[in-house]
Amino acid sequence: PYRTPSAPPARDCSVEGTMGGFRFRFSTLCISGAVAYASARGHEVELVASAPYCRKSPEVHQLHWPDREDADKLVIFGGKGFEWQFTHDGHGRKAREVLDSRPSNREDVIHRMIDDGYIEPHVSFFGDIWAFDSKTGRWTQIGLAGPSPVARWKPSTTTADGGRTMILFGGCQGTEVTGILNDLWTFTVLPGEPLRALWTQVFTANPPPKRRGHITATNKTHLIIVGGKSYTEDTGTVVLADVWATPLATLGLGDAFSPASGVWTRGQDFPGTPRWGATGEIVKKSNGDEVLLTFGGRRYDEEATADSGESVYVYYGELWMYDLKANSWSLLQPKGAAPHKRDHHGATVIKGDYYVFGGRVSPTRDADSDLNDLWSFSLRTMTWTRHEPARQSPMPAPRFMPGFTATMWEGEEVPTVFGGESLPGSTKTASRNDVWVFVPARHGGHEWKQLWDNKCEPDSVEVREAAEETFLDAVEAPGTWYPAAAAAVAILAVGAVASTSSWRSASRDAVSGEEPFLVSERGQYVPPMVAYHALS
């Protein structure tokens with residue numbers, strides 16, 4: 001059956017009790033993406049982050065909460081980075097040193113707990129989701145009203161429904177490509193206070209193969225998936241050139257009664273050399289037709305690697321256009337200067353032009369292997385433009401795998417950067433969580449403005465004594481899911497089960513015909529066509 005596990009860090013929040021003389025146990029995980037728990041001298045302490053942990057490969061978009069005065073938020077999800085963890089056996093900073101630098105943390109009870117402890121960086125894959133308010137400069141972790149995707153990096157996301165919905169496909173659960181995924185989710189904002197949203201997993205009849213480092217985009221009618229890197233037991237690692245599309249009705253968006261809802265259609269394969277780490281965005285031609293522009297990427301050169309004895313990668317600076325209406329590809333030939341070849345850069349669309357930022361130009365970890373340049377391409381003029389600050393001013397550090405999108409700044413759409421990794425360094429030493437916008441300067445032109453400083457040191461987290469949770473606390477905690485139906489069934493059945501019974505939240509496989517459904521109350525959506533296949 002399909003499962004919808006929440007993202008780590010996690011701990012066991014199983015609940016046990018007795019009813020009518022019988023013991024029962026609800027077994028699941030209690031999740032909070034901003035909290036890491038550890039035992040200290042028989043007690044439990046928690047390290048609480050007030051902002052996203054530093055990371056590369058985050059997915060970043062501006063989403064819109066329509067019932068709020070501060071409606072537009074920069075939202076980030078996932079990635080690979082590091083979190084701070086408390087341990088008694090380690091070589092990091094002494095926990096007491098961190099606390100002594102934070103007067104607000106000087107509670108005697110915590111000091112007694114952490115006398116012999118350390119705070120160390122721990123490489124993690126994230127599944128948390130945060131919102132940043134550019135006016136106040138504050139982060140808020142978004143409360144979730146249901147299950148959520150497993151933690152991952154190198155996924156691909158896009159938006160729909162006027163910025164009220166983010167769509168997620170695929171990615172990877174670990175460093176190796178064997179951890180790839182092909183699950184499909186929507187993230188929908190919910191009204192009210194505090195900030196809340198709902199993840200919904202969508203099941204389709206013929207999902208595209210698992211992948212990471214791919215392209216995901218939406219036009220007016222469809223969700224499109226292109227390329228990436230995949231893996232099978234038979235073939236090993238393989239780079240994909242396939243193109244897939246499904247109606248937005250598959251996601252419960254647009255025309256909910258589309259006859260093709262829930263089914264993917266294979267398009268014309270990418271005709272160039274297969275690659276991963278490229279970017280792609282939908283733009284409009286002068287006649288209004290929508291096309292997909294793709295730029296960059298890289299591939300592994302097996303022959304050159306065999307000859308040299310060292311890993312050799314080929315980087316691309318080609319700009320391709322996929323005409324969705326004609327289902328055809330063409331290699332564009334821009335006039336004038338163009339960006340350097342690269343992969344794992346950021347891309348977005350602003351005022352109809354295709355923007356790219358940063359990326360990596362070499363597999364080495366040298367300081368000149370990543371970039372911080374900003375370019376835009378106009379399909380109307382067939383030219384690239386490099387955007388330099390109007391005067392000498394601070395700039396984002398060079399980085400690869402940045403989060404990059406367009407946000408509103410004083411009524412104008414502007415390029416926005418979050419996180420990434422800067423070279424030289426490693427995940428533990430060079431991941432970032434800073435926020436930058438490229439905004440109009442007072443004296444003309446544009447300049448980079450930093451909205452959030454890079455805060456990756458251990459004193460960026462707060463150490464608290466963890467409070468004990470009740471059953472209701474666990475049920476209502478953001479990021480935790482106890483399906484109401486499962487709880488009800490467990491309570492009704494408790495008189496008839498043995499004392500060793502264990503209740504575990506799990507989803508059913510609608511496609512296989514096992515308990516088919518159209519819409520689950522708590523976070524699953526099966527399009528009508530798929531439900532029909534299940535019922536038949």
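1. Cys172 counts as buried, because its relative accessibility is 0%. Buried means under 20% relative accessible area, exposed means over 50%, and partly exposed lies in between (1.4 Å probe, protein chains only).

2. A word on the basis. This is a predicted model, where local features need pLDDT of at least 70, side-chain atom pairs count only at pLDDT 80 or more, and totals for chains, interfaces and linings use all residues. Residues are numbered from 1 along each chain as its sequence is written, and side-chain values use heavy atoms, with hydrogens and water left out.

3. Next, the disulfide. A disulfide is a covalent bond between the sulfur atoms of two cysteines. The criterion here is a pair of cysteine sulfur atoms within 2.5 Å. The whole structure holds 1 disulfide. Cys54 and Cys456 form it, with sulfur atoms 1.8 Å apart. The torsion about their S-S bond is about -100 degrees, so the disulfide is left-handed. Cys54 lies in the loop between strand 6 (43–49) and strand 7 (55–56), and Cys456 in the loop between strand 35 and strand 36 (461–465), so the pair ties together parts that are 402 residues apart in sequence. Strands (E, at least two residues) and helices (H or I, at least four) are DSSP runs, numbered from the N terminus. Both cysteines are buried: Cys54 has 2% relative accessibility, and Cys456 has 11%.

4. Now the aromatic rings. A pair of aromatic rings is described by the distance of the centres and the angle of the planes. Rings of Phe, Tyr and Trp (its six-membered ring) pair if their centres lie within 6.5 Å; planes under 30 degrees apart count as stacked, over 60 as edge-to-face and the rest as tilted. A search of the whole structure gives 22 aromatic pairs. In one of them, the rings of Phe438 and Trp448 have centres 5.0 Å apart and planes at 55 degrees, so this pair is tilted. Phe438 belongs to strand 34 (residues 431–440) and Trp448 to strand 35 (residues 446–452), 10 residues apart. Phe438 is buried at 4% relative accessibility. Trp448 is buried at 5%. Elsewhere, Phe77, Trp185, Phe187 and Trp199 make up one aromatic cluster.

5. Which ring does the charged end of Lys229 sit over? The ring is that of Trp276, with the charged end 3.9 Å from its centre. Arg360 places its charged end over the ring of Phe400, 4.6 Å from the centre. The test is that NZ of Lys or CZ of Arg is within 6 Å of the ring centre and within 35 degrees of the ring normal.

6. Two strands pair if DSSP finds at least two bridges between them. Strand 29 (residues 353–360) and strand 30 (residues 370–378) pair in the antiparallel sense over 6 bridges. Val356 stands opposite Trp375 in strand 30.

7. Finally, Leu319, in strand 26 (residues 319–323). Is Leu319 buried or exposed? Leu319 counts as buried, at 2% relative accessibility. Contact means heavy atoms within 4.5 Å. Leaving aside neighbours within four places in sequence, the contacts of Leu319 include Thr294, Phe295, Leu332, Tyr354, Phe377 and Trp384. The C-alpha atoms of Leu319 and Leu332 are separated by 5.7 Å, and these residues are 13 residues apart along the chain.
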